Amino acid sequence: MTLKPGTKRRTGRNGSIRIKVLPKDPLLARTRNLWPVEATIECATVGDGPTSARVAIVDYNADLDTRFTPARLLADRSGFVGIAGLKNERILDNFNFHHVNVWAIIEQVLTVLEDDTALGRPVPWASGLGRLLVLPHAGYDDNAFYDRDTGALHFCYFEGPDGKPVHTCLSHDIVAHELGHTVLDGLKPGYNEVSSPETAGFHEYFGDAIAMLASLKNREIAKLVTTGAPALLSAKNVVSAIASEFGAAIHGLAKQDYLRGAWNKRKMSDLRGTYEEHGWSEILTGVYYDLLQYLYIRNLKEVSRAAGGKKRDQQQAIQALFRAADQTANVMLRAIDYCPPVDLRYDEYARALLRADEVAYPDDSYGIRSELKRIFRRRGLKPMQEDRRVRRDIVHALREAKTSKRSPPRRPTPIGSSTNSASSSRFPSTPTSPLFPSITPRSAREAATGRPKSG
Ligand SMILES: [Zn+2]
């Protein structure tokens, strides 16, 4: 991954370190020539493992009860032992490369997320531990998952259709997705509880959004997406088709070579009455891609105009795409701080998106809010609709007050207000749906479903 010029980096006393990072996954390395590329990582206190201030790679395999040899720093601390000279297939088989690759992806994504233009602060780990633990070969399973209790990301491996192992730790999308779960749990720990399919779906959306955001920082990927300097982004491409190798392995390459697609047209009415969070996530992943598409088209016109109207070329397209990626990520991430602390519903997130953007840019000169409103209409999202649950709770509280002669409650304050808190009546005292008989931690729930947790 090559960070764009101008992106701020966290720096440390050890300076920079040169390593190779796999841009997507082994399938796309072989089919789209996306082999590991050189990258510079700058962060504090890098050590063997790798271990850094926020992340520790611990290659313990629970199935085998074995801990594999960690990657060792070179004496001059400029890289890791035994990796630099390896190429293509050989590097993909090297466990020390797996360690360094997964660590580098996490460090780079954190740098982007914590930048002043995005979240603007270090993300806390909900586990309470100082470092996020990462197990690159946690065991045999077609799975990867975040677990708050152990404070760890577990990346498993399984046998692919060709008999070769599929290592989930080698998928840039899966690593970024699982880190997305971790980051969201640090920011909004209440969302780790399955209070509704929308809250669970939001967790999955957030992971996929982080995967797309991370892909869109890579110049090699941007080149593939903008080949021929298209006037609009293709529906399916190496960014919008998420987790290619994993999807191909579980679906069959000929049938579906990705896990989820951001170019989908799913809307709220398609999901009503269903409770599968990955299905729900696609609505918001689609919103993300719709906004990216709008901003790419707009930026490309602007860049072409600035170039004096000369024929559109790929450099202009890459510039437009990078700018659109940053704008989209910032709009979608900034809204997190305008969302309620628990039980998030999609209409509330839509409202938060509009409000957060309005606070940052009151004049809407890019037309982002106008476009978001169009996207919301197509997807069946109603950000301005009064929250029916709140209204129902108010009616109930008023009746209670009438019978008990207590004073009536004050109207709940709008989202974004500092007085909006978890103490509002968002959680019914008893679950409303028999499908959610109790609030279950994410890790336990995902383990129980047997579904691919990486997805
Ligand atoms: Zn997930």
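Start with the whole chain and its contacts, meaning residue pairs whose C-beta atoms, placed from the backbone, lie within 7 Å. Of the contacts between residues at least 6 apart in sequence, 66% join residues at least 24 apart. What you have open is a predicted model: local features need pLDDT of at least 70, side-chain atom pairs count only at pLDDT 80 or more, and totals for chains, interfaces and linings use all residues. Residues are numbered from 1 along each chain as its sequence is written.

Now colour by secondary structure. You will find 14 helices and twelve strands; these are DSSP runs numbered from the N terminus, with helices being H or I of at least four residues and strands E of at least two. The chain has 455 residues, and 45% of them count as buried. Buried here takes 20 or more other C-beta atoms within 10 Å of the residue's own, exposed takes 12 or fewer, and partly exposed lies in between, with C-beta atoms placed from the backbone.

**The core**

Next, select I106, V109, V134 and Y288, the residues with the most contacts inside the largest nonpolar core, which has 118 residues. Such a core is a set of buried Ala, Val, Leu, Ile, Met, Phe, Trp, Tyr and Cys residues joined through C-beta atoms within 7 Å. Helix α9 (residues 277–306) gives the largest share, twelve residues. The core lies between domain 1 (16–187) and domain 2 (197–379), because both give residues to it; the domain bounds come from an automatic or database domain assignment.

Stay on I106 and show what it touches: V55, V134, V175 and L179, not counting residues up to four places away in sequence.

**Two helix pairs**

Select α3 (residues 95–114) and α4 (residues 172–187), which pack at an angle of about 50° with their axes 10 Å apart. Axes are lines fitted to C-alpha atoms, for helices over the stretch in contact, and angles run from 0 to 180 degrees between N-to-C directions. The pair is therefore oblique, given that under 35 degrees is roughly parallel, over 145 roughly antiparallel, 65 to 115 roughly perpendicular and the rest oblique. On the α3 side, show V102, I105, I106, V109 and L113; they meet H172, V175, A176, L179 and V183 in α4.

Move on to α9 and α10 (residues 314–334), whose axes come within 8 Å and cross at roughly 140°. These two helices are therefore oblique as well. Among the α9 residues that meet α10 are Y288, L291 and L295, and the α10 side includes A317, L321 and A324.

**Stops in the loops**

Go to V46, in the loop between β2 (37–42) and β3 (55–57). Is V46 buried or exposed? With 24 C-beta neighbours inside 10 Å, V46 counts as buried.

Zoom in on its peptide bond with G49, which is cis, with omega about -5°. Most residues other than glycine have a negative phi, and most peptide bonds are trans.

For phi, select R77, where the value is near 60°, in the loop between β5 (66–67) and α2 (88–92). Then pick N88, in helix α2, with a positive phi of about 40°. N88 is partly exposed, with 13 other C-beta atoms within 10 Å.

Finish at L253, in the loop between α7 (244–251) and β12 (260–261). L253 and L27 are 226 residues apart in sequence, yet 9.9 Å apart in space, C-alpha to C-alpha.

Methods
Two residues are in contact if their C-beta atoms, placed from the backbone, lie within 7 Å.
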